Structures are given as C-alpha cells and as structure tokens.
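Open the model in a viewer and keep the selection panel at hand. The stops below go from the whole chain to single side chains.

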Amino acid sequence: MRRYFILTTKKCRIYAAFGVSQTPNNYSKVKGDLFIRLLNKKKHEKALENAVYKEVDGIACVLYMKVGQRDGCISSMKIHKASLADWGMDEDEAYENALSNTYSLTPPRIYKWERLLFNPAYEGDDFMDMNYEENIVERIAGSCLSTSIRTNGAVAVFLPDVAQRIADLMDDDFYIVFTSVHEAMIHPKRMSCPEDLERILKETLKEATPDEDFLTDEIYYYDRGARKIMKWKKVVSKVTLPASCVERLPL
C-alpha cells in the first residue's frame, strides 16, 4: 500500500467524525467531490510539492477533494499526482472537472457594497445569468467578487467564463485585487489607477487580512482580448493608464 493511502488511527477517527465513506482510491467515486482552492504558491511551496495545481503568476489553483462535512464545516485534502496516476486520470481532465464542480457547488456572485452594508440578508448578484443587465461598475470601492458561500471565494475569477463575463458587463479590461482567499475586488481599467490599488491592497492586508487568509500582495489584470489573467506589472507597458495616473507618473 502506498504512503498516500495510509490513514493513521487518528485520521480515521477524524474522517469518521465528518461522515467520510471513502478514501481517495477510485476516481469514479470521488470526482463529484473535487474542487479548486487558491493558495499563494511561494508561501505554500513545500505543501504543493506533490499536489495537482495550475499556476497563474504566483497563485496556485489547487485540486482538493471534500472528504466530509459536519455542522457547516467542510473537511478536505489536496489530491496528489500519484493518486491521479493510480486512477489513470489526466491532470487536465481532473482539473477541468474540479473547476466545473466548484462552479456548481459555489456559484460566483458579485456583492455590491451598499447592499452588503444595509441588507444583512443580501446574497449577492447572479451576474452570470444572461438576463442580468445591471451595471457592476462602482467608481470608488470596486465590485466584490466571491461565491455564494463567501468562503474561499476568490477562486470565482478563475471559474469558467467568469472573467470574460465581467469584462463584457464592464465593457473593459479590469484589475483584480485579492484582499484575501475569500474575495477579489474588481476595478475597470478606464476608471482605476493601479498604483493606488496596490497601495490600498497593502494597507488592507496589513490591517484587515489574517495571515491564514492571505493570497497575494500583487495586483492582477484581466485582458479580455487575450482572455488571460496575469500580474499587472507584466502588462503595465501595454496598458493605457487613466489621465489621473499618467499625471502622477515621474518624468
């Protein structure tokens, strides 16, 4: 029996407490429990050595499996490459399946600040509905992107068609500010100064983001023409900055 299938007595008791009925040794049994969670690659480098993930400029989109749920808490584990080999599964296929599961289990939502502040029952806007036509541009605060459960919701921007849908609704490329693993702030390019976003992000991380919820201190950018998410500093020379930013650039 290979090491990654060996469960200690303590682990078995934990799994039993969460109602786990299987170990990860059969893809057909567990494929519905696979999902994607985001981690900072550098910070979690050792834990990711044998894990299955896709990297987006320092953000690791990691393949996980739900192993149980109790009292609203989900217990999960990373899937290792050796497990996929035993299942005879291609990494890309398993990853795409997990993305679809993540979308279905925790659909993406846009949360508008004024509604969050004044309506505790607010559950976000289903902007992926093709009948949705509201303006999701908010000039100062940006729009908050997360999922329906608002836990590990920053993954929403990487889910199928989400980034392109946001760009279409905004009619613009946009900056992505990951204030934690739970959400990302969305800012249209034409109305935003990335240097200011970078400063605000660093202040937010310092004052309001617990270390365990940290994802990145970099600003990201979505290019709707290329359909690609990347670090803003990689595309800065290609981005036409708003006049308010250009005026402040050093000569």
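The tour begins with the overall picture and then moves to cores, rings, charges and cysteines.

This is a predicted model, in which local features need pLDDT of at least 70 and side-chain atom pairs count only at pLDDT 80 or more, while totals for chains, interfaces and linings use all residues. Residues are numbered from 1 along each chain as its sequence is written, and side-chain values use heavy atoms, with hydrogens and water left out.

**Whole chain.** Colour by pLDDT, the predictor's confidence in each residue, from 0 to 100. The average is 84, and 80% of the residues score at least 70. Select residues 1-22: pLDDT stays under 50 there, and the model has 26 contacts beyond four places in sequence for this stretch. Contact means heavy atoms within 4.5 Å. Switch to cartoon view for nine helices and 10 strands; these are DSSP runs numbered from the N terminus, with at least four residues (H or I) for a helix and at least two (E) for a strand. Of the 251 residues, 46% count as buried, meaning under 20% relative accessible area, against over 50% for exposed and in between for partly exposed (1.4 Å probe, protein chains only).

**Cores.** A nonpolar core is a set of buried Ala, Val, Leu, Ile, Met, Phe, Trp, Tyr and Cys residues joined through side-chain atoms within 4.5 Å. Select Phe174, Ile176 and Phe178, which have the most contacts inside the largest core, a set of 48 residues. A second, separate core has 12 residues, including Tyr111 and Leu197.

**Rings.** Ring centres of Phe, Tyr and Trp (its six-membered ring) within 6.5 Å make a pair: stacked with planes under 30 degrees apart, edge-to-face over 60, tilted for the rest. The count is seven aromatic pairs. Select Tyr111 and Tyr122, an edge-to-face pair with 5.8 Å centre to centre and 80° between the planes. Tyr111 is in strand S5 (108-111) and Tyr122 in the loop between helix H5 (113-118) and strand S6 (143-147), so the pair ties together parts 11 residues apart in sequence. Next, select Phe158, Phe178 and Tyr220, which ring pairs link into a cluster.

**Charges over rings.** The criterion is NZ of Lys or CZ of Arg within 6 Å of the ring centre and within 35 degrees of the ring normal. Arg37 lies over the face of Tyr64, 4.7 Å from the ring centre. For Lys54 over Tyr95, the distance is 5.6 Å.

**Cysteines.** Select Cys61, buried at 1% relative accessible area, then Cys144, buried at 7%. The whole structure has zero disulfides, defined as pairs of cysteine sulfur atoms within 2.5 Å.
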